[in-house]
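Please open the model in your viewer and keep the selection panel at hand. The tour moves from one selection to the next and says what is found at each stop.

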Amino acid sequence: MKKFTVKNGKEMRFGYTTGSCAAAAATAAAEMLLSQKKTETVAVSLPGGENALFSLQNIEIGRDRVRCSVTKDGGDDPDVTHGAEIFAEVRFGDQEGAVGIIGGKGVGVVTAKGLQCAVGEPAINPVPRKMIRENCRRILEKYGAKRGIDVEISVPGGEEIAKKTFNPRLGIEGGISILGTTGIVEPMSEKALVDTIKAVIDKQYAEDPECILISPGNYGRDFCREYLHLDIERSVPVSNYIGEALDYIRYRGFKKILLVGHTGKLIKTAAGVMNTHSSYADCRLEVIGLYSALSGADRKTVEQITECVNTDEAFDLIASQPYYEEVKRRILEKSLYHLRLRLRDEEAELETVMFTTDRRHIIKSGQADRLIRYFRIQEENHER
């Protein structure tokens with residue numbers, strides 16, 4: 001039965017995670033190894049209790065080993081792993097009933113602490129490992145096997161695919177990760193991205209549980225490198241999910257947080273908007289217009305602000321006015337109010353820096369420079 005949801009008035013088809021594909025390939029290979037018969041489809045049990053049917057490709061059957069693959073289908077939310085061939089090779093093991101799991105070519109290896117897998121292990125997350133073991137043990141029991149099996153998961157081209165993912169920043173080298181918590185990819189899934197952000201925060205926590213540098217995207221990271229002279233490799237890109245990132249930062253217990261980003265994103269936080277994607281809210285010019293009016297701008301100027309294309313243009317419009325600095329101060333105060341309210345940790349220090357594209361307009365909280373210096377010292381100590 002086709003599984004789908006409806007978003008924005010359209011029917012959107014669900015897909016399957018790399019973890020589900022790996023479990024399906026492993027289960028099928030185990031079945032064919034024990035039966036010595038070819039099968040072209042396999043049903044596997046997903047974490048939520050559902051069964052899913054997968055088609056098999058690249059089947060190779062030997063007396064002591066079987067290899068086959070499942071093509072990753074991301075449904076209507078395709079990512080860089082969509083279309084990848086997830087292979088499983090199953091061989092007999094020595095321990096009765098045991099299912100060993102090995103990472104092969106194209107599956108990344110964990111090199112940094114703070115991830116769900118230990119350093120040196122293949123990047124096959126706990127839920128996919130459990131799926132592989134439970135489904136393969138079902139096959140072993142079905143055939144009354146006296147020997148266990150070893151499962152090797154591989155992904156041809158995985159090393160190149162991984163370059164387009166967060167893996168290099170997470171400290172996962174040599175390939176992609178085998179992921180999934182439900183086994184299903186929801187179309188237009190925000191959860192997948194938020195889970196990735198949490199994984200990067202976990203890695204940062206393992207390196208330094210005290211302080212964290214976060215930024216919505218590449219503009220902020222470039223600004224950190226070029227203007228603040230901070231190591232962007234130790235920053236966490238949080239995309240539009242500022243609220244979710246702060247929630248997890250509070251859970252982790254960081255006490256020094258520096259948020260750096262373009263005014264086009266961060267100015268929305270002055271209105272309490274914690275998901276800065278334009279499809280959720282676009283109050284950038286309204287925020288500048290409101291605080292300009294409160295600071296002394298006339299009606300004509302406010303109307304011109306609301307007709308600007310972006311925040312750069314709006315700030316340029318009022319840069320020569322006597323109330324310019326007051327506008328920035330009011331925006332900063334309200335932004336910090338909402339950010340700290342979302343963080344809900346009175347003991348934590350949260351500072352922010354906002355900037356326009358040309359760097360002509362900078363909005364910086366009072367203790368931001370001190371926190372920036374703190375981060376630089378930590379980076380120097382880290383390098384030693």
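In this predicted model, begin with helix H11, whose buried residues pack against strand S18 (256–262), helix H8 (263–266), helix H9 (284–295), helix H10 (299–306), H12 and strand S20 (362–364). To see which residues these are, select Thr311, Asp312, Ala314, Phe315 and Ile318 within H11 (residues 311–318); they cover an arc of only 165 degrees around the axis, and therefore lie on the same side of H11. At the start of this helix, show the side chain of Asn310, an oxygen of which comes to within 3.2 Å of the backbone nitrogen of Asp312.

Next, select the largest nonpolar core, which has 53 residues, and highlight Ile201, Ile214, Ile249, Ile257 and Ile331, the ones with the most contacts inside it. Helix H12 (residues 324–343) gives the most to this core, with seven residues.

Arg330 and Glu326 are four residues apart in helix H12, so about one helical turn separates them. Glu326 is partly exposed at 27% relative accessibility, as is Arg330 at 24%.

Finally, select Asp345 and Lys255, a salt bridge with its closest N and O atoms 2.8 Å apart. This pair links distant parts of the chain, 90 residues apart, with Asp345 in the loop between H12 and strand S19 (349–355) and Lys255 in the loop between helix H7 (242–252) and S18. Asp345 counts as buried at 17% relative accessibility, whereas Lys255 is partly exposed at 25%.

Terms used: Residues numbered from 1 in each chain as written. Predicted model: local features only at pLDDT ≥ 70, side-chain atom pairs only at ≥ 80, totals over all residues. Heavy atoms only, no water. Core = buried A, V, L, I, M, F, W, Y, C linked by side-chain atoms within 4.5 Å. Buried < 20%, exposed > 50% of the residue type's maximum accessible area, 1.4 Å probe, protein only. Helix = DSSP H or I, 4+ residues; strand = E, 2+ residues; numbered from the N terminus. Arc of directions from axis to C-beta. Contact = heavy atoms within 4.5 Å. Polar contact = N/O pair within 3.5 Å; in protein donor to acceptor, adjacent residues only side chain to side chain. Salt bridge = Lys/Arg side-chain N within 4 Å of Asp/Glu carboxyl O.
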